[in-house]
Amino acid sequence: MAETGKRFSWVVALAIVVGLMIAYVSVLVVYAKGGTDDGAEASRPVANGVVVYLDINTVNGADFEVAGTVSIDAGGDLLDGRGDLKQDLTVDVSPTVSDTELTFPAGTRPGVLPVSLYSDGDIRLWPFDRYVAESVTVQAFGPNDPALPTEVVLIDSLIGWDIKAGDTVAGGKAFPVTSSRAAASLAFDLALCAMLVVLPICTLFVSIQTVRHRKAFQPPMVTWFAVMLFAVLPLRNIFPGSPPFGSWVDYSVVLWVLGGLVASLALYVVAWWKQAP
């Protein structure tokens with residue numbers, strides 16, 4: 001009988017190790033597949049046209065904006081022999097947070113300029129929050145505002161997010177820009193929530209078994225309960241994206257984790273009252 005119990009323990013231990021290894025490999029596979037794809041394709045402008053690269057590198061749900069940079073690749077007719085612009089070139093991106101013009105001066109090699117777009121969403125829905133910048137338009141202009149042939153390339157260089165544009169991305173035509181959390185990022189967020197849920201499960205199990213006299217009361221365990229309780233908020237504060245307090249995750253996970261830990265501590269105090277000398 002003892003041999004059977006020992007063999008069962010080995011089987012359980014092996015199953016736990018295999019399960020952890022599978023989970024570990026799965027996380028690495030999801031992370032590898034969720035690598036950033038900047039979406040930039042080799043594209044050359046027409047002789048009198050411009051390719052505008054819109055690179056999104058920040059999502060700020062609290063301020064309802066996505067930020068990034070604008071760079072251009074000008075056609076040969078717009079450049080001199082050294083590759084500098086022959087004339088001022090302005091890129092109009094809307095709707096932007098500020099009214100600052102994106103102007104590339106004549107006589108210079110086009111650089112990179114910052115831009116911020118309005119993007120509607122609700123950060124309180126973390127980690128399922130999603131942001132959409134509606135009716136984004138990008139158009140290049142020369143001196144005296146003549147519109148130039150413009151091609152738009154959306155680049156996603158933001159780790160942990162999927163940045164997508166509408167089906168039609170062209171200069172002067174409105175298209176949406178959608179920002180949602182990548183699969184690897186979402187899996188990480190949910191894993192943090194799952195770890196929080198495990199804490200009260202462990203403490204409730206210990207407390208209930210102690211109250212039922214299945215296990216003896218151990219005074220040092222009270223410190224363990226306190227550490228568990230005070231570990232919740234630091235864990236909650238490292239959630240990616242820093243969701244504000246009062247978000248969906250607080251009502252669906254954090255509140256109940258705290259409640260479970262407090263109930264565990266209260267039950268252990270009851271066990272102390274009944275069993276301690």
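Ser135 counts as partly exposed because its relative accessibility is 46%; the scale used here calls a residue buried under 20% relative accessible area, exposed over 50% and partly exposed in between, with a 1.4 Å probe and protein chains only. The residue is found in strand S6, and its phi is near 50 degrees, a positive value in a residue other than glycine. Phe64 is another non-glycine residue with a positive phi, about 55 degrees. Phe64 lies in the loop between strand S1 (50-60) and strand S2 (65-74), and with a relative accessible area of 42% it is partly exposed.

Before going further, a word on what you're looking at. This is a predicted model, where local features need pLDDT of at least 70 and side-chain atom pairs count only at pLDDT 80 or more, while totals for chains, interfaces and linings use all residues. Residues are numbered from 1 along each chain as its sequence is written, and side-chain values use heavy atoms, with hydrogens and water left out.

Now the overall layout. The protein has 4 helices and 9 strands, taken as DSSP runs numbered from the N terminus (helices are H or I with at least four residues, strands are E with at least two). Reading from the N terminus, the order is α-β-β-β-β-β-β-β-β-β-α-α-α. Along the principal axes, the C-alpha atoms fill a box of roughly 90 × 40 × 30 Å. The radius of gyration is 28 Å, whereas a compact globule of 277 residues would come in near 19 Å; that figure is taken over C-alpha atoms, and the globule rule is 2.2 Å times the number of residues to the power 0.38. Of the 277 residues, 34% count as buried. Among contacts with a separation of 6 or more, 62% are between residues 24 or more positions apart, a contact being heavy atoms within 4.5 Å.

What about the helices? The UniProt record, an unreviewed entry, places "transmembrane region" at residues 12-32, 186-208, 220-239 and 251-273; its positions are given in the numbering used here, feature names are shortened, and annotations may be inferred rather than shown by experiment. In the model, residues 220-239 are 85% helix and 0% strand, with end C-alpha atoms 30 Å apart. Residues 251-273 are 100% helix and 0% strand, and their end C-alpha atoms lie 32 Å apart.

At the other end of the chain, Val17 lies in helix H1 (residues 2-33) and counts as partly exposed at 47% relative accessibility. Together with Met21, Tyr24, Val25, Leu28 and Val29, Val17 makes a nonpolar surface patch of about 550 Å². Patches are built from residues with over 30% relative accessible area and no salt bridge, joining like charges within 9 Å and nonpolar side chains (Val, Leu, Ile, Met, Phe, Trp, Tyr) within 5 Å. The areas come from the Shrake-Rupley method with a 1.4 Å probe, and for residues only the protein chains shown count as cover.

On to the charged pairs. Side chains of opposite charge can pair when their charged atoms come close. The model has 5 salt bridges, each being a side-chain nitrogen of Lys or Arg within 4 Å of a carboxyl oxygen of Asp or Glu. One of them joins Asp250 and Arg236, at 2.9 Å from N to O. Asp250 sits in helix H4 (residues 248-275) and Arg236 in helix H3 (residues 221-237), so the bridge ties together parts 14 residues apart in sequence. Both partners are buried: Asp250 has 10% relative accessibility and Arg236 has 2%.

Another bridge pairs Arg181 with Asp129, with the closest N and O atoms 2.8 Å apart. This pair links distant parts of the chain, 52 residues apart: Arg181 is in strand S9, and Asp129 is in the loop between strand S5 (112-118) and strand S6 (130-141). Arg181 is buried at 11% relative accessibility, and so is Asp129 at 2%.

Two prolines deserve a look as well. Pro127 is in the loop between S5 and S6, and the peptide bond from Trp126 to Pro127 is cis, with omega near 5 degrees. A cis peptide bond also joins Ser94 and Pro95, with omega about -5 degrees; Pro95 is in the loop between strand S3 (89-94) and strand S4 (102-104).
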